[in-house]
Amino acid sequence: MSILSVVTRKLSNWKAPGPDGVVGFWFKKVTGLHDVMAAKLQLCLASGKVPLWMVKGRTVLIQRDPKKWIVASNYRPIACLPIMWKLLTGIFVDKIYDHLVDKDLLPDEQKGCRKNSRGTKDQLLIDKAITKDARSKGRCLNMAWVDYKKANDMVPHSWILETIEMMGVADNVRLLLRQSMSHWKTMLSAGNQNLGTVDINRGIFQGDSLSPLLFVMIMTPLSMLLNEERKGYKLGNSGNLVNHLLFMDDLKLYGKSQDEVDALLGLVQEYSNDIGMEFGMDKCAVLGIKNGKRVECSGVELPSGDMMKEVEEDGYKYLGVLQAEVQMNKEMKSKVEKEYLRRVKLLARSKLYAGNLIRGINAWAIGVVRYSAGIIDWTEKDLKRMDVKTRKTLSMAGAFHTRGSSLRLYIKRKEGGKGLISVEDCVKFERANL
């Protein structure tokens with residue numbers, strides 16, 4: 001595939017502009033620029049250098065809760081980079097990913113950036129199988145959840161460059177990344193007010209498609225080290241050992257005893273210290289199961305002297321799902337249903353036209369339920385109840401007549417219906433896909 005064809009394909013994926021203020025739409029539509037852009041990007045790759053404006057981003061701080069006012073933790077940063085930089089790194093990521101797959105360098109335990117994978121749902125299904133197996137067979141199982149403090153911002157650039165060299169990334173790509181890293185910057189703004197420019201001296205350059213893959217690569221040696229330990233939980237009769245699951249920086253460890261988990265935690269902390277990353281101790285936790293039942297413990301002391309606490313009674317939220325010795329189905333069903341209906345009510349009150357209202361529910365509200373399908377054990381009664389509440393909410397907002405046809409409500413618009421996706425159908429379809 002030529003660099004020109006890749007440029008044309010990539011341009012349709014990005015809408016938010018960087019400091020240049022230009023959105024990908026214009027680059028895509030002005031086709032006369034494509035040959036010139038392809039040639040300039042090829043020149044950057046050949047020389048190993050890019051113009052400084054290409055590595056200057058724009059970070060907008062979005063306030064989470066107005067009631068908390070100007071506390072730093074109350075802001076969510078949204079990073080946008082120049083389209084030309086995202087084009088270049090978008091080409092890199094395709095080539096680097098193919099190289100990693102060809103050389104079998106991506107561990108099975110890491111589902112971040114994995115193509116042809118369900119990502120977090122894959123990990124949750126494996127975790128569900130492990131915990132159910134331990135309880136049903138009365139086995140011993142110890143688990144630990146590891147959370148990193150500001151994971152994306154802490155990794156030294158030297159380790160990123162060391163990792164991509166170890167994994168055999170092409171010399172010209174490595175040179176360009178090395179040269180550009182020393183000039184990475186971002187402009188901070190909040191409420192239409194510029195707060196200044198920040199040099200990015202460590203961490204990944206957030207906002208493009210290459211950055212997540214770089215983070216996966218720097219965590220790959222950790223998976224290799226953990227797999228060499230030959231410690232973990234033996235799942236089923238196959239004898240396959242599982243001692244960790246990773247989704248980007250979300251790490252969960254498994255062992256057949258507390259000693260095994262302690263050893264794995266020691267290895268993880270040693271590796272993390274070596275690459276300059278720290279545990280967020282307030283979000284780390286441990287839990288033990290013996291003979292299928294939870295074992296009380298006072299926590300685990302790490303080699304650093306920090307104490308990792310036991311999971312509290314209200315559970316630990318791992319990849320969006322509450323867990324303890326098993327996944328907390330009852331609590332999760334209540335949370336999912338409450339959030340789903342909250343979103344439906346907000347949309348119903350928004351005075352959107354009928355078509356946009358249905359599209360909003362299908363995209364924003366149904367998505368909450370879709371993520372839980374196959375992970376949470378929904379009953380048919382649960383799903384039918386949520387569909388009934390949805391129709392009642394739409395009726396109260398005047399968007400669905402009380403005597404209207406429920407069947408027509410769920411028929412596709414092109415077939416004469418209104419096109420609403422029912423909760424029941426959504427869950428059944430997702431289960432079939434899984």
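**Entry 1. Helix H15**

I began with Lys428 and Glu424, which both lie in helix H15, four residues apart, about one turn of the helix. The model I am reading is a predicted one. I then looked up the contact between the two side chains and found a salt bridge, with the closest N and O atoms 3.1 Å apart.

**Entry 2. Other salt bridges**

I looked up the total and found that the structure holds 22 salt bridges. One of them pairs Lys121 with Glu430, and its closest N and O atoms are 3.3 Å apart. This pair links distant parts of the chain, for Lys121 belongs to helix H5 (residues 120–136) and Glu430 to helix H15, 309 residues apart. I checked the burial of Lys121 and Glu430 and recorded both as buried.

Next I turned to helix H13, where Glu380 and Lys384 lie four residues apart, about one turn of the helix. The side chains of Glu380 and Lys384 meet in a salt bridge at 3.7 Å, N to O. Glu380 counts as partly exposed at 46% relative accessibility, and Lys384 counts as partly exposed at 41%.

**Entry 3. Helix H11**

I compared the length of helix H11 (residues 329–348) with expectation: at 1.5 Å a residue its 20 residues should span 28 Å, and the end C-alpha atoms are 28 Å apart, which agrees. Which residues of H11 are buried? I listed Met332, Lys333, Val336, Glu337, Tyr340, Leu341, Arg343, Val344, Leu347 and Ala348. Viewed down the axis of H11, these buried residues fall within an arc of 160°, so they line one face of the helix. I then looked up what covers them, and the cover includes strand S15 (321–323), helix H12 (354–372), helix H13 (380–396) and helix H15 (423–433).

**Entry 4. A surface patch**

Finally, I examined a nonpolar patch on the surface, formed by Phe25, Trp26, Val30 and Leu33, with about 390 Å² of accessible area together. Phe25 lies in helix H2 (residues 24–29). I recorded Phe25 as partly exposed, at 45% relative accessibility.

Key. Residues are numbered from 1 along each chain as its sequence is written. This is a predicted model: local features need pLDDT of at least 70, side-chain atom pairs count only at pLDDT 80 or more; totals for chains, interfaces and linings use all residues. Side-chain values use heavy atoms; hydrogens and water are left out. Helices (H or I, at least four residues) and strands (E, at least two) are DSSP runs, numbered from the N terminus. The expected span of a helix is 1.5 Å times one less than its number of residues. Buried means under 20% relative accessible area, exposed over 50%, partly exposed in between (1.4 Å probe, protein chains only). The arc is that of the directions from the helix axis to the C-beta atoms. Contact means heavy atoms within 4.5 Å. Patches are made of residues with over 30% relative accessible area and no salt bridge: like charges are joined within 9 Å, nonpolar side chains (Val, Leu, Ile, Met, Phe, Trp, Tyr) within 5 Å. Accessible areas come from the Shrake-Rupley method with a 1.4 Å probe; for residues, only the protein chains shown count as cover. A salt bridge is a side-chain nitrogen of Lys or Arg within 4 Å of a carboxyl oxygen of Asp or Glu.
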